[in-house]
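Open the model in your viewer and keep the selection panel at hand. The tour goes stop by stop.

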Amino acid sequence: MIPWREWSRGCVELIYPSRCYCCRIGLTRKGQVICADCLSKAHYLQSPLCSCCGREFPDSSGTDHLCGFCLRQPPVYGRARSVVRYEDPVSHLLHRLKYAADTSTLPVLAQVIEPFVHGLAQEFQSAHDRIIPVPLFPARLKKRGLNQSLLLARIFFPKAGDTLLVDAMTRTRDTPPQTTLNGDARRKNLKGAFAVRDPDTVQGRRIFLVDDVYTTGTTVTECGRALFAAGAVDVYVVTVARVAG
Ligand SMILES: [Zn+2]
Ligand SMILES: [Zn+2]
């Protein structure tokens, strides 16, 4: 017997066949949210990158080296890496996940992240021992229904088990979305906005901090400050996407 929910979903799909989230072309495969053509447009970040903050260099020749920003002012965290540029189709998928709690985007995000995961797993085993997603303010989490960073951390580290510290960090106050601000306002907005609940969980640990998007690095910098203040010895940032620039 076909369960009622599956049967009704099948009827909806028959009447309203799903369309690609980006280009709106009709899709045929069950559970598909984006067409192969749009998916192939994801731009993977490739060397040469800044060896510290992971910034792409405009000149595609040469090897990784420090960018001018990191030379002038070394970031709080040890290193940051992102999988792809923050542009379509991935920006669209992350936006749906974050603001529409659309978890149907997760399998395709996992597909995007997959080529990156193997190297990360090796790096984790050799040098890091705890994974922490960037937290949301509790009221925002309740309203949104999910923390996208936690779901993405589970994709990055599928075998994390109890090394994934779901509640290790907390957001101590609600802040306007960073997207509405820039420069100094971003930094002031988030200053002191994160805390570690129990320093024993991070004391002497090497942390992988997971977020969805790296824009100016303000969020992960503020999280990094809180982690180091609590005794962490290294913070490595990993995000799905990075805003160019
Ligand atoms: Zn498409
Ligand atoms: Zn840099």
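Helices (H or I, at least four residues) and strands (E, at least two) are DSSP runs, numbered from the N terminus. This is a predicted model: local features need pLDDT of at least 70, side-chain atom pairs count only at pLDDT 80 or more, and totals for chains, interfaces and linings use all residues. Residues are numbered from 1 along each chain as its sequence is written, while chains are lettered from A and ligands numbered from 1 in the order in which they are written.

Select helix 4, residues 90–100. Its buried residues (20 or more other C-beta atoms within 10 Å of their own, C-beta atoms being placed from the backbone) are V90, L93, L94, L97 and K98. They cover an arc of only 120° around the axis, so they sit on the same side of helix 4; the arc is that of the directions from the helix axis to the C-beta atoms. Turn to the face away from that buried side: Y99 and A100 are exposed there (exposed means 12 or fewer such C-beta atoms). Step on to A101, which follows helix 4 and has a positive phi, near 50°.

Zoom in on strands 2 and 5: 4 bridges join them. P133 stands opposite V210 in strand 5.

Terms used: Pairing = 2+ DSSP bridges.
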